[in-house]
Amino acid sequence: METRDDVLIRVRNLKKYYNRGTIKALDDVNIDIRKGDVMVVIGPSGSGKSTFLRSLNLLELPTAGSIEFDGEDITQKKVLNKDGKMVKMDLDAHRQKMGMVFQHFNLFPHLTILNNMTLAPIKVKHMDQKLAEEKALKLLDRVGLKDRANAYPIQLSGGQKQRVAIVRALAMEPEVMLFDEPTSALDPEMVGEVLEVMKELAREGMTMVCVTHEMGFAREVGNRLVFMAEGKILEQGEPKEMFANPQTERLKEFFSQVL
Amino acid sequence: MDSFIKISNFPIVFKYMSLFGQGIVVTVLLSLFTVLIGFVLALILALMRLSDIRPFAFLEKDENGYVRDSGFLYLISRFNPFAFLATAYVEIFRSTPVLVQVFIIYYGVFGVIKLPTFTVFGFIQFARFFPGVVALGLNSGAYLCEIIRSGIQSVDGGQTEAARSLGMSQAMNLRYIILPQALKNILPAIANEFVVIIKESSITYTIGVQDIMSAVNAVKGATFIIVEPLLVATAIYFCLCFPTSKLIAYVERRMSRGDKR
């Protein structure tokens, strides 16, 4: 098998079937996500783009296919380690390196913003509490929410919650960030502040996979655009090129509806 | 017409106040230990019911590799022995009278297992108190199990997804994310169960536990006065239960302060 060092996530023949294969949420998806990619996934609702994204860290269990992350097939229960021994695949360890941001933020309502951010670093990575808090405050400062560190999620606006959710994932120092329609549940005036944070992340070279309906973001920020429909990747390429010259009828139709 | 309550009887009943005092201590201790045992048991039962341990899960895919959604093999692949046992336990304990359970535990189980006969504080007979606690604990465990299960299920699924996506294990997710939120949600129901146990513990006087009801019986036996000691017991039970539910309602309000501002 050829190994290209810069491929971070290699997806092969990914399938997700329901009802004995009569509903195909994912129908043979193949894609390589390379380090530094800002991949934007677009498509009509029900096209499987969220299922695809959620499969990448196995929040959704695929019916068939493989997802290689850091050289390990995370869909397997056991994998060969570097010494050539079969060991239990440590999904939790892989998930630490894949930050995820959800449509509905999913902040922990019973914890303060600061504790939302330090819980996983302290409990999972066994980071010193002081250090974790310092890091969290620095991250909060970056998104302009340092003064809300001791607030509870309910006290924040939607845009603020999503910014916290992003830095909560960043606190684990992930290798890739997965965004599942991060602005879809926001009031229109709050979309900008979240996209701004994502843009900055992209500028810093973070590997990102974003499912979104923000076409402006897809065109301006992404360096790869993927168009999905009916569980398949119908078209992919350089975003500006794809916006200018959509190849398939399906994409032309989609653009005509959303642009 | 004579009233069925004779005021003149109360001074006679009050002579036995120390019996009632001991009864209060017994009832309160009985209820506390019951809730403790019941809660731990219920937590284990609830986790068993919600677990996904399926020894025949390898049967869940058919010859084409698709997940089955019906048929005999589907049912077998879904079978979870832990959930089955927990469900059976809950249904059996909820569908039989607590009095029968108390008798079976006291005369049956602890008829075979001999307990040491000593007394605590000079009036709590361990050999009667302990079976009472066990029986009530087993019973309330069944009810609390359903409360805890619904509490866990009431927490939004996105919470688990967020926790797992941060690399937390299932156990960490349960401990730091799900249970704190679930317990907060079910606090009123648990408080209600605690009040129910205070009242239900009166049934243990039938196996000789010297609680408040047994004080009533003692007074009745000594003086042939029936109604007035019962009224005293009524007042005591009310004074135990009403403040308890008020107290927990207060704690609940304080705890929810964080998410309502």
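How far apart are the mean positions of the positive and negative charges of chain A?

1. The mean positions of the 37 positive and 38 negative charges of chain A are 4 Å apart. Lys and Arg count as positive and Asp and Glu as negative, while His and the chain ends are not counted; each charge is placed at NZ of Lys, CZ of Arg, CG of Asp or CD of Glu.

2. The model is predicted, with local features requiring pLDDT of at least 70 and side-chain atom pairs counting only at pLDDT 80 or more, whereas totals for chains, interfaces and linings use all residues. Residues are numbered from 1 along each chain as its sequence is written, chains are lettered from A and ligands numbered from 1 in the order in which they are written, and side-chain values use heavy atoms, with hydrogens and water left out.

3. Chain A contains nine helices and twelve strands; these are DSSP runs (helices H or I, at least four residues; strands E, at least two), numbered from the N terminus. Its radius of gyration is 19 Å, close to the 18 Å given by the globule rule for 259 residues, so chain A is as compact as a globular protein of that length. The radius is taken over C-alpha atoms, and the rule is 2.2 Å times the number of residues to the power 0.38. The C-alpha trace spans about 50 × 50 × 35 Å along its principal axes.

4. Among contacts (heavy atoms within 4.5 Å) between residues of chain A at least 6 apart in sequence, 63% join residues at least 24 apart.

5. Over all chains there are 15 aromatic pairs. Rings of Phe, Tyr and Trp (its six-membered ring) pair if their centres lie within 6.5 Å; planes under 30 degrees apart count as stacked, over 60 as edge-to-face and the rest as tilted. The ring centres of A:Phe243 and A:Phe255 are 4.7 Å apart and their planes lie at 25°, so this pair is stacked. The pair links helix H8 (residues 239-244) to helix H9 (residues 249-258) of chain A, and both residues are buried. A:Phe243 and A:Phe255 also belong to one aromatic cluster with A:Phe227 and A:Phe254.

6. In chain B, B:Tyr89 and B:Phe93 form a stacked pair, 4.4 Å centre to centre with 25° between the planes. They are four residues apart in helix H4 (residues 81-94), so about one helical turn separates them. B:Tyr89 is buried at 18% relative accessible area, and B:Phe93 is buried at 15%.

Technical notes. Buried < 20%, exposed > 50% of the residue type's maximum accessible area, 1.4 Å probe, protein only.
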